[in-house]
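Hi,

Here is the structure I promised to pass on.

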There are 2 protein chains.
Amino acid sequence: MAKIAVVGGTGDLGSAIARTLIKAGHQVSIGSRRAESAAQHAAELGPGVGHGVNAEVARGCDFVIVTVPYSAQAGTLADIKDSVGDAIVVDTTVPLVPPKVMRVQLPAAGCAALEARELLGEGVRLVSAFHNVAAHKLAEGHGVDCDVLVFSDDVEARAAVVELACGMGLRGLAAGSLANSAAAEALTSILIFFNKTYKADGAGVRFTGLTTAPAVA
Amino acid sequence: MAKIAVVGGTGDLGSAIARTLIKAGHQVSIGSRRAESAAQHAAELGPGVGHGVNAEVARGCDFVIVTVPYSAQAGTLADIKDSVGDAIVVDTTVPLVPPKVMRVQLPAAGCAALEARELLGEGVRLVSAFHNVAAHKLAEGHGVDCDVLVFSDDVEARAAVVELACGMGLRGLAAGSLANSAAAEALTSILIFFNKTYKADGAGVRFTGLTTAPAVA
């Protein structure tokens, strides 16, 4: 059992991840910029779920999972930067630029994960993951037909998040350094395009041919 | 039956694509910078396969498929630019930067497909595809467990290449505009990482949840 804060945990992806982590037996707290919103969403998730403003819930955790829209990424990372300590920060940010969310528009730095690296500084253990999982599919709790690509320059932290994902019933796959997050971030626009073009209800991505992939829990 | 030039057709991917197109009944020519090399490879593919230098074979085709390493992309596109006419140019270039080929390193323009757009000019019908198919798997001819993402700003040209891929026994998927090619190009480094990390013999990518995807031929 890990102690996990879901920062931006009042959104669709954050709620779905929190719900799944709770089911997997972890101790979860919901963070928001507004304490009342965090409290309300925590109550909906059941008894024993912590809550508070982002900087508060990020303190003393094993993992801090950041699930905010791209426009809120910089502000949220600034909020938690000084309280995360040794926790592994898992950034899920996809750099979508509305209204053209079906168009890949990666930032000049290469990807949102490298921007997070810049914002948090080298001292923070940073992993990037969960970019491609459809929130509503995860929330339904019947399993998700989608792999979770996990990126980090910190190999141990990356392995810990792969294991965390597997414990959530997902297949986590170590997929290289933080710079490689560009692939997963870009894929999200492709999946949105597929949802529209091929009338998919939450398109996903699977990798084939892996002979020593970690088992799905 | 289409008339198709495979430019850079002496490489692994080019040979595999040419072989598959010939099997599917198309009239194929192999292009190279060196005429003798093109002739030799064409002979290996069987009788009736055309050959010549790139600018030559690119003339009068329905499709011109460019399968060269990133370092040769600009030169090759310059070679064929004035001879492709109304053909659909299919660029397969992945912007790998050796020796770190497992690291996503997209160019400043966003992706190799957008660089191709710049190099060829607006007058050429440009599609980007076949970035993720393992050449040796395709060459084996037993089917490939990998979707083919197809990108273009020209919707008709994109649909034609989706159909071409399906005719090759692959699942082609329209995946948006040329800018979206960044996703498939970046994915190639992930697949190379998987081949090493998960001891895969040609990792591939499949998309899930698509309800109206084109049938695989």
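A word on confidence to begin with: pLDDT is the predictor's confidence in each residue, from 0 to 100. This is a predicted model, in which local features need pLDDT of at least 70 and side-chain atom pairs count only at pLDDT 80 or more, while totals for chains, interfaces and linings use all residues. Residues are numbered from 1 along each chain as its sequence is written, and chains are lettered from A and ligands numbered from 1 in the order in which they are written. The average pLDDT of chain A is 95, and 97% of its residues score at least 70. For the complex, the predictor gives an ipTM of 0.95 and a pTM of 0.96.

**The sheet in chain A**

Helices and strands here are DSSP runs (H or I over at least four residues for helices, E over at least two for strands), numbered from the N terminus. Strands pair if DSSP finds at least two bridges between them. Chain A has an open sheet of six strands with parallel pairing, in the order β3-β2-β1-β4-β5-β6. At its edges stand β3 (50–53) and β6 (125–128) of chain A; each has a single partner strand, so one side of each is left without a neighbour in the sheet. On average, neighbouring strands of this sheet are turned by 25° against each other, direction ignored. Within the sheet, β1 (residues 3–7) and β4 (residues 63–66) of chain A pair in the parallel sense over four bridges, and A:Ala5 stands opposite A:Val64 in β4(A).

**Helix packing inside each chain**

Two packed helices are described by the angle between their axes and the distance between the axes. The axes are lines fitted to C-alpha atoms, for helices over the stretch in contact, and angles run from 0 to 180 degrees between N-to-C directions. In chain A, helix α4 (residues 70–80) packs against helix α5 (residues 112–120) at an angle of about 25°, with the axes 9 Å apart. That makes α4(A) roughly parallel to α5(A) (angles under 35 degrees count as roughly parallel, over 145 as roughly antiparallel, 65 to 115 as roughly perpendicular and the rest as oblique). Their crossing is right-handed (a crossing is right-handed if the near helix is turned clockwise from the far one by less than a right angle, and left-handed if anticlockwise).

Which residues of α4(A) and α5(A) meet? From α4(A) they are A:Tyr70, A:Gln73, A:Ala74, A:Leu77 and A:Ala78, and from α5(A) they are A:Ala112, A:Ala116, A:Leu119 and A:Leu120 (contact requires C-beta atoms, placed from the backbone, to lie within 7 Å). By class, these residues are eight nonpolar, one polar and no charged. For the classes, Ala, Val, Leu, Ile, Met, Phe, Trp, Tyr, Cys and Pro count as nonpolar, Asp, Glu, Lys and Arg as charged, and the others, Gly among them, as polar.

In chain B, α4 (residues 70–80) and α5 pack at an angle of about 25°, with their axes 9 Å apart, and α4(B) passes α5(B) in a right-handed crossing.

**Where the chains meet**

The contact between the chains takes 39 residues from chain A and 39 residues from chain B. On the chain A side, α8 (181–197) and β9 (204–208) each supply at least two residues. The largest share, nine residues, comes from α8(A). This side of chain A has 22 nonpolar, 12 polar and five charged residues.

α8(A) packs against α8 (residues 181–197) of chain B at an angle of about 140°, with the axes 8 Å apart. That makes α8(A) oblique to α8(B), and the crossing is left-handed. Among the residues that meet are A:Ala186 and A:Leu187 in α8(A), and B:Ala186 and B:Leu187 in α8(B). The contact of these helices divides into 10 nonpolar, one polar and no charged residues.

Strand β9(A) is joined by five bridges to β9 (residues 204–208) of chain B, and the two run antiparallel. A:Phe207 has B:Val205 as its bridge partner in β9(B).

**Backbone details to look at**

Most residues other than glycine have a negative phi, and most peptide bonds are trans. A cis peptide bond joins A:Pro98 and A:Pro99, with omega about 5°, and A:Pro99 lies in the loop between β5 (88–91) and α5 of chain A. In chain B, B:Pro98 and B:Pro99 are also joined by a cis peptide bond, with omega about 5°. A:Lys199 is not a glycine, yet has a positive phi of about 45°; A:Lys199 is found in the loop between α8 and β9 of chain A.

Best wishes

Key. Two residues are in contact if their C-beta atoms, placed from the backbone, lie within 7 Å.
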